[in-house]
2 protein chains.
Amino acid sequence: MTGLDALFAPKGIAVVGASRDPGKLGATMARSLAGFGGHLALVNPRDDTMHPSVAAAADDGPVDLAIVCVPAAASAAVVAEAAAAGAGAAVVCGGGFAEAGGPGAGYQADLAAVVAGTRIRLLGPNTSGFLAPHAGVTASFVPGVAQVRPGRVAVVAASGGVNHVLAFLLTEAGHGLSLAVGLGNAVDVSAPDVLDHLAGDPGTTAVALHLESVADGPRLVAAVRRLSAQRPVVALVVGRHDIGAFAASHTGALATSWRATRAALAQAGAVVVDDERELVDAVGALSVTRARPARSAGVGVVTAQAGPGLLLLDDLRGRRIDVPELVPATRDALAALLPPLTFQANPVDTGRPGPELGRILRAVAADPGVDVLAAYALHEPDAVDLVAAAAEGRVADVPVVLGVGGAGDEVVRQRRALLAAGIAVAADPRGVAAATGALVADARARSRAAAPTAPAEVPYGIHGPHDEDRAKGLLDLLGVTTPARRACGSRAEAHAALAELGGPVAVKVLDAAVLHKTETGGVHLGVRTAAELDTALDALPAGRCLVESMAPAGVDLVLGARRDPVFGPIVLLGIGGTTAEALADVAIRLAPLTPAEAADMPDDLAGRALLDGWRGGPVLDAPALGRVVAALGELLVANPGLAEIEINPLRVTAAGPVALDAVVIPRETSDAQPRP
Amino acid sequence: MTGLDALFAPKGIAVVGASRDPGKLGATMARSLAGFGGHLALVNPRDDTMHPSVAAAADDGPVDLAIVCVPAAASAAVVAEAAAAGAGAAVVCGGGFAEAGGPGAGYQADLAAVVAGTRIRLLGPNTSGFLAPHAGVTASFVPGVAQVRPGRVAVVAASGGVNHVLAFLLTEAGHGLSLAVGLGNAVDVSAPDVLDHLAGDPGTTAVALHLESVADGPRLVAAVRRLSAQRPVVALVVGRHDIGAFAASHTGALATSWRATRAALAQAGAVVVDDERELVDAVGALSVTRARPARSAGVGVVTAQAGPGLLLLDDLRGRRIDVPELVPATRDALAALLPPLTFQANPVDTGRPGPELGRILRAVAADPGVDVLAAYALHEPDAVDLVAAAAEGRVADVPVVLGVGGAGDEVVRQRRALLAAGIAVAADPRGVAAATGALVADARARSRAAAPTAPAEVPYGIHGPHDEDRAKGLLDLLGVTTPARRACGSRAEAHAALAELGGPVAVKVLDAAVLHKTETGGVHLGVRTAAELDTALDALPAGRCLVESMAPAGVDLVLGARRDPVFGPIVLLGIGGTTAEALADVAIRLAPLTPAEAADMPDDLAGRALLDGWRGGPVLDAPALGRVVAALGELLVANPGLAEIEINPLRVTAAGPVALDAVVIPRETSDAQPRP
């Protein structure tokens, strides 16, 4: 019995604040629970047809769970009463707590105090409850939840409303649910608790996770990592755009960084999606089938109608999914099955579908480059039995996503039969693409090695200000390439440096206090002669300077490592320049991370093509970049004294990445010491 | 009677190649047409229970339409026979024509010859037909079309398969269809024909258009312009990504530019969407309601559950939709209806929904800043009757989109009741956002003035090579700001120019044959002194040079006007630099266009924020930019001798846009003369 069994698998339930007035929450809740097979007790001291207290209800039978439908001000006392009566869990549905401000914050603090004092597990407040259809527990005041069937998908939603949105969308897509929870204000039970509960639930085959804000980033990441090692997790994070004021009114919490949250979840093994429709497509597919681990799974596309196949292919390309050309043996097999002149290269266009569809699917699935099969067909029972064809087309370890176009009950039945046979289904090409994308992303997550552990030793101590020379010295220790340089304290030293390095050189002011060297005229490039050097030195402020060999041309990146307030150490990679900055085109990962993980970061960038020899430019050495990123992340993790380090620019050259400038920002706290 | 009434509203139909073998197309087609109320004749000379010929069928009753289900090689003869027997239209469903290559191209040419010789209107070949549910004509071999109800949405799809995909998705979303056509190879009847037919059809209230390639851009644009003046058109263009090889196999045509096609359709008044789901959301909403013309319609958001409301708001923000703060009078009205501390600024969170929902909707819809109302609620019949609330919430000219979360038949009935009452519906927040986005885009399209006519006079003659000085002279004539410049034939003239203009100046090689001045060392910037000028001139190749005042700092754009092979004169605007180029972040419009239309182009750019005072930079003067763009477009339209003109960079400065360099490319054909 895990800590949440009293909540999600109770033997007995008391509804406190039950009512016979059908307009009241307590009445609706009691009605929703009518199907519960265990002991169900209605509690209302002002209604003599009901139990006067939880304790009285507990005399009649077990009460593990109290569902509290009383005003906010009275809730804490009811929860305390339930705990005293032996209940292990409570749900507080109503609002009027921290999200409402005013006295609500106090009511919420009262709840927290009861939890701390009694160890009762509390879901809510400010949630519309949860559904555990296998146990007949529909602790929700939305009557439509009776439509939700028992099944294998679990929903963990920040919001009670979104929990219902997802439960209904999954139901309409033909899926049953094992558990659906809305967390509300999460004064006790939070997403990591529920995720850990699900990690131990063999009846759940995939989990949909909806997040609004994250209270404890590392705890969430650890829970997702544990769960995704067991079964797929698909995550939707709200807050891509500016919704801060409204979000704060909803949850009473400040918005967490959307980008950092998505990056952290993906790194922990979740499939991250963009909207609730894709969430349903993705978790629905992953609840019935899963691809083998693959860094870049190949997708075979089969379509019975060319037009929908084009929509599907276009969508897959937009997701940067690999649709590899089929090998000659596969094409020979297809040539024997298909009329001449149909398109057989991948996508495979079957022309008018017929009974050979199953063999066509099988031939494509058996291609060595195909890890996932994505197919679309209109429901044409006279021409082909899609359920039989999909079954015939299955090849071990190659999941199938089949879009079935049509309307009406027969089509709904057919989609359900496919699901029951372990075939992911969709109603349209976009749904096929979204489900396929989820299978590919899951395969990629599975292909990654276990997360690196934090470095055990302290490689460097970060103390005091770092001018560019000192910052680059640190990069040298990390194995990051920097241009040859000489820190010079006098004009004579500068001339000696030019003579030694040879021109052209860059001449820069060397002062940790100057933050914007270029903007303040502190950088002179392309200095070749002694005369040019003198001109440059004349223009610099008095003091030390750096004389440095010029790097070859290339594409400039910005690489940083800093501390996210929610998730802790992170690394950020973007393309240099204001355009990329204005587009917020940045890849984020939690640190520490392996060089191999880091080497994938450029693939997140919209401007990735710039690093692939764009217009004759250099091609990125991704493994070398990965080593630089991982080293920066490790440095940050191992040095509590380091607040932030940024290499800007990190130039991609034909000879590998070169750090042209770096800024090191120590933490200014008194405990900024390397940890023991 | 328009030219397509024989096709879409026949009094009699002959199915040629009808069969009693249920596996044959002809049998399926005959079965699909069993509900047709007019004269239905089956033709098969080898089956003595059927008519031996179309002529024989025509003896029994009217035959306006022949549906041809015979092999490709025999189709042209059957169409000719039908025309001879008096049929005004024919559908050729099968494949094996141009899309299949080989002899197919000849069979298609045969069909074209019959069309040319007989004036019969031909749909296809290579299409799965069409549906005209009001007339009981389901000329399709997909049996599920029996599920499609008569209604008000029309579908015009490039592909027969996509026609079915859309018909089924619309049916599942609760919409009926007035007409659904798959064009196939479009040897005769093409999208503009069907769009013109629909412009005269009062039974159609919105049109979904799916395009793969465009044969005649101006004709398509004209048809969309005519139709969208009558009723909304929503367009989906396939081919955002590289799908060329497969697309060619499907249609036998090369891919049309996805970007140019979308831009042309939007400019012609269509609402352009990204995928088939959004197409269904958009056309479904626009078939029941429409917003008043508004350049930037304001959206009021009401949600009965905060979590789904956050998803909705996030999505609307991603669409750059205006969600304005409500005026004090509205907030006062809401304060009287809602408990304190709920969020009432817009979005409006109703908290637990109740019977006051209708008054809340009405208060928000009546706000002067609100043009469209977007709302979401779970189906909770005990708490609120959503149909009644939506009716109560209606304010004249303010359309309502209501998302209803739930599953099961009762919810489906409720969504249909809302549609019947003129309320757009959706099943999830994303659907609400997509429908709202369509209403806003339609309002914007309606707010635009009529398209400009092509300029009647020839303003300039373009002949011969244009060096930078001559190209800028042309810009000067157009009223485009350029820096002060002097074309110099000698060193003395260059020194005089520097003295006259004052430093700093740019010194550039002046030779129309040098295409990449900067890359070949032909540009020297920041020249201030006579000595610096001499150094610069020493480095330039011999010949003429341009001495030009330096422009102030700013953000560089690239503006071009060129001839698209499908759509003719177009203008293109992007942000300068390789990052924007790699991201293909470009806005396109057909020329000619008005300065006001052109001034909206930056809003299409992902990097729009760069032009809004990014990091202390200049703020774009959009009307001034619009005048430059419109002038370039007009120049191109009025000058057949001009192939292309590009201003790169066009710098956005605090004083307005300044053209820093320009390239003029004359057409090299012998007829490159200004038109009379």
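This is a predicted model: local features need pLDDT of at least 70, side-chain atom pairs count only at pLDDT 80 or more; totals for chains, interfaces and linings use all residues.
**Entry 1: chain A as a whole**

I began with the overall picture of chain A. I counted 23 helices and 27 strands in chain A. Its C-alpha atoms fill a box of roughly 100 × 75 × 40 Å along the principal axes. Of its 676 residues, 59% count as buried. I also looked at contacts between residues at least 6 apart in sequence, and 71% of those in chain A join residues at least 24 apart.

**Entry 2: how the copies relate**

What rotation superposes chain B on chain A? I get 180°, with 0.0 Å of shift along the axis and an RMSD of 0.0 Å. That is the relation of a two-fold axis. In chain B, the C-alpha nearest this axis belongs to B:Thr579, at 3.3 Å. I checked the interface as well: 100% of the interface residues of chain B are also interface residues in chain A, so the copies meet through the same surface.

**Entry 3: a sheet in chain B**

A reminder to myself: strands of a sheet pair through backbone hydrogen bonds, either parallel or antiparallel. I looked up one pairing in detail. Strand 1 (residues 12-16) and strand 3 (residues 65-68) of chain B run parallel and are joined by 4 bridges. Here B:Ile13 stands opposite B:Leu65 of strand 3.

**Entry 4: aromatic pairs**

How many aromatic pairs does the structure hold over all chains? I find 2. In chain A, A:Phe8 and A:Phe130 make an edge-to-face pair, 5.2 Å centre to centre with 80° between the planes. This pair links distant parts of the chain, with A:Phe8 in helix 1 (residues 5-8) and A:Phe130 in strand 6 (residues 130-132) of chain A, 122 residues apart. Buried or exposed? I checked A:Phe8, and it counts as buried because its relative accessibility is 5%, under the 20% cut-off. A:Phe130 counts as buried at 0%.

B:Phe8 lies in helix 1 (residues 5-8) of chain B and B:Phe130 in strand 6 (residues 130-132) of chain B, 122 residues apart. B:Phe8 is buried at 4% relative accessibility, and B:Phe130 is buried with a relative accessible area of 0%.

**Entry 5: a covered helix**

I finished with helix 14 (residues 357-365) of chain A, which is mostly covered, with 7 of its 9 residues buried. Which residues are buried in helix 14 of chain A? I noted A:Leu357, A:Gly358, A:Ile360, A:Leu361, A:Ala363, A:Val364 and A:Ala365. I then looked up what covers them: the elements include strand 13 (299-303), helix 13 (328-337), strand 14 (348-349), strand 15 (372-378) and helix 15 (386-393) of chain A.

Technical notes. Residues are numbered from 1 along each chain as its sequence is written. Chains are lettered from A and ligands numbered from 1 in the order in which they are written. Side-chain values use heavy atoms; hydrogens and water are left out. Two strands pair if DSSP finds at least two bridges between them. Helices (H or I, at least four residues) and strands (E, at least two) are DSSP runs, numbered from the N terminus. Rings of Phe, Tyr and Trp (its six-membered ring) pair if their centres lie within 6.5 Å; planes under 30 degrees apart count as stacked, over 60 as edge-to-face and the rest as tilted. Buried means under 20% relative accessible area, exposed over 50%, partly exposed in between (1.4 Å probe, protein chains only). Copies are superposed by least squares on the C-alpha atoms of residues with pLDDT of at least 70 in both. Contact means heavy atoms within 4.5 Å.
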